[in-house]
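Please read the following report alongside the sequence and the structure, taking the helix contacts and the meeting of the chains one after another.

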Amino acid sequence: MIEINLALLFIVFLILLFILISLFFYLTVKKYLKNQMRQRIDAFKEEYRLAVFHYLQSGQSGAMESDLGEEKVIALIELLSDYSNVIVGSDVEERIHLFAKEHITDFLKKELKQKRWSLRMNALFSIEDFYMVHCVPFLHELYQRRGTSLSEKAQILKLLAKFDDPKIVDYLKETDESLSEFSLVSILSVMEDEKLDELIAGFDDLPKRMQYIVVDMIGRRQLTGHHSLLQRLVLEDETELRIRSLKAYANSGIPIDAEAIYEFFKSDNWQLRMMAVKVSGMQRIEGYQSTLITLLSDPEYVVRAEAAKALLRFKEGEAILQRVIEESKDAFAKDMAVEWLEKGGSGYSY
Amino acid sequence: MLSLSHIRKIYQLDEYEPYEELLQSEYTKPVSILVPAYNESAGIYGSIRSLLSIEYPEYEIIIINDGSTDDTLEKLMDKFQLKKIHRVYRKQLESKRIRGVYQSAIYPHLVVLDKENGGKADALNAGINCSRYPYFCSLDGDSIIERHAFLKVLKPIIESDDEVIASGGSVRIANGCDIQNGELKSVGLSNNPIVLMQVIEYLRAFLTGRVGLSSNNLLLIISGAFGVFSKRWVVEAGGYTHTVGEDMELVVRLHRYVKEQKVNKKIIYVPDPVCWTEAPDSLKYLRRQRKRWHRGLFESLWKHKRVMFNPKYGSIGLFSMPYFFFIEFLGPLVELIGYLLLIVSLFTGSIQIQYALLFFLLSLIYGSVYSMAAVLLEEWSMEKYPKVKHFTTLFLMSLTETLWYRPLTVIWRVEGMIEAIFGKKGWGEMVRKGVSND
């Protein structure tokens, strides 16, 4: 019995060994060929480098064959993406776009249909880098295809937002719940103002998460036109919305009704206290100076730090902190004042 | 199989594009990098230099001088022009007394904590107290990290909207690579067979085990050399404790804490190699390291023995912990007994010579098959080693593993097991040569 089993096992292992060794040979050959191909691509890159640079600078295209082999196309893509990172300017963008449209559209179209995720992703990144607006129809197609992964969808939405596609707002309204906050932020940050306004117009019907990000966006992009929305949201019952709209006030510099934040200083929620402190610092609300001094002794570390930072934004901030160091009986407040005075306005802030 | 599908997915993905967004976004989470240093005078400058050149929008570097007895602090003072500052820190975790906080005049985001000696875990806890950012990373003084390391490791954290509370990147061996001024110039291989075997070992552990375990949230180890943690969760779980393998212990504790709190949080692992570390290149130090690792494994498992087979902890209790206990911890003992039995029975003649040979061949093939597969897998999915020669060397080396390397590690691990049970403490020193070529 044992005899048979051992022999059998032995055979199984031998087969395995055989498979592994064949795989090894296969991969060795593949690696060799790939390295060769890489060398050829690098050679093409050197060959084209000057011509492409010249074209991007002057707009005069040399005698570039129109029907290029795959290796040449890859060389061109790499060259273009090197240049697109270093040369800026709208004519250059336009030239990159035209060049890419002519030479690499077919290649990318094929790549977008690849089975492997990484290749499709790379193609999507190229579309972004080379401003390939004419690829939008393929993007819609890929977006609606079943089995398209979340990261592809996020990248497509970002591209559509960037290219100001009319469908973007609809897509966003019905987006997948699982799209991360980070992706939504990157999509919304590249959206044109009008499209964003369109999205904000339907604010109350948006999913919660999208609402939060929209509020953040109002602050980051300083959309002063949506002042009244912020005003309403600060008074809303939901804490998260309150915190975010206070943050939007702090970031955007939209003037806030000072009385509206008074009660937040006494809130049990430290994030609310911190945001209120931040807003009063950013907007230098004189009336709250003494409140800020009291908050240097707040039980929460972050609030104390924010209070010191806020005080420093006032003209007489340094003098106030100096006084705290001399007069205060609270060791926490003193420590915080010492630390921030030392940092001063050096911009080294956390 | 689990690991296969995941890593092949990212094969040939552009090196930089996916992370460009993170670099520019305000939403990228800032990170505090903690570097505990105890008598690391030789290598510390190189590794800090490598940290200063990383690409990440917002980070601070906190070096914790854990009461070094050599000139580590003086060297830092001199090279980075440190000056003493007043910095308020929150004592959220217990640690030994801090003697002073310094900040570099050249790099404002470089801070040095000088404290009384208390061990690595204690140093890390002090670093956490002093850190400002919501995420931190602990880094050994002797590792070199790639410029995009943080982008790669933090990407899943950022994109998951904080559902991921810890993320580890894979570690590779730096010996043989060209490193200048703390930056990895080109990947290479050492000629030393001991180092080569370790390269293969890392490939095996990282490419198969951990990726597979990570996709099911079963990951127990975030390698000591590179992992990013959410500060809040680590603080809540109690920070580092003084054990031999404090990283592993922390990861187990985080898993346990998350399960006990009944929240949906994940610990994940990124297969991309992002950190290069110096491997011991002589049998003497390798033996110490292995014994230490095995003790660390034991301590972590022992401390959390209540998790084992406890259905309350889900797959961690029912799968990961038993796996680490039976396969990783007890495995070497079983193997050693096997080897011994084989030899003994050969001499007593209770087994026929043909069987013995057959058995030997079997175990030979079995042991090497796995390693060979790992080498092939690396080539198939990552292609970190550029030359055809690298690939063939690794493959041929992996064939020999069972003949010499495996038995050696088995013996060391059993030694470690004995020490763990009879209670030897401490680290055993390793002389650092420094990996930088400058």
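## Helices H11 and H13 of chain B

In this predicted model, H11(B) passes H13(B) in a left-handed crossing. Helix H11 of chain B covers residues 314–348 and helix H13 of chain B covers residues 388–422, and their axes come within 9 Å and cross at roughly 120°. Since an angle between 115 and 145 degrees falls in none of the parallel, antiparallel or perpendicular classes, H11(B) is oblique to H13(B).

On the side of H11(B), the contact is made by B:Glu328, B:Phe329, B:Leu330, B:Pro332, B:Leu333, B:Glu335, B:Leu336 and B:Tyr339, while H13(B) contributes B:Arg406, B:Pro407, B:Val410, B:Ile411, B:Arg413, B:Val414 and B:Met417. Sorted by class, the residues of this contact of H11(B) with H13(B) comprise 11 nonpolar and four charged ones, with no polar residue.

## Helices H3 and H4 of chain B

Another packed pair in chain B is formed by helix H3 (residues 44–52) and helix H4 (residues 72–80), whose axes lie 11 Å apart at an angle of about 45°. That angle makes H3(B) oblique to H4(B), and the crossing of H3(B) and H4(B) is right-handed.

In the contact of H3(B) with H4(B), six residues are nonpolar, one is charged and none is polar.

## Helices H17 and H18 of chain A

In chain A, helix H17 (residues 301–312) packs against helix H18 (residues 317–327) at an angle of about 135°, and the two axes are 7 Å apart. With this angle, H17(A) is oblique to H18(A).

From H17(A), the residues A:Ala308, A:Leu311 and A:Leu312 meet A:Gly317, A:Glu318, A:Ile320 and A:Leu321 of H18(A). The contact of H17(A) with H18(A) has five nonpolar residues, along with one polar and one charged residue.

## Where chain B meets chain A

The size of an interface is often given as the accessible area lost when the parts come together. Between chain B and chain A the buried area is about 4,800 Å², and carbon and sulfur atoms give 65% of that area. Counted by residues, 52 of chain B are in contact with 48 of chain A.

The count of salt bridges between chain B and chain A is four, whereas the count over all chains comes to 44. One salt bridge is formed by the side chains of A:Lys31 and B:Glu379, at 2.9 Å from N to O. Because A:Lys31 lies in helix H1 (residues 2–58) of chain A and B:Glu379 lies in helix H12 (residues 353–381) of chain B, this pair joins two chains. The side chains of B:Glu383 and A:Lys34 also meet in a salt bridge, with 2.7 Å from N to O.

Note on methods
Residues numbered from 1 in each chain as written. Chains lettered and ligands numbered in written order. Predicted model: local features only at pLDDT ≥ 70, side-chain atom pairs only at ≥ 80, totals over all residues. Heavy atoms only, no water. Axes fitted to C-alpha atoms, helices over the stretch in contact; angles between N-to-C directions. Helix = DSSP H or I, 4+ residues; strand = E, 2+ residues; numbered from the N terminus. Parallel < 35°, antiparallel > 145°, perpendicular 65-115°, else oblique. Left-handed = near helix turned anticlockwise from the far one by under 90°. Contact = heavy atoms within 4.5 Å. Nonpolar A, V, L, I, M, F, W, Y, C, P; charged D, E, K, R; others polar. Buried area = accessible area lost by both parts, 1.4 Å probe.
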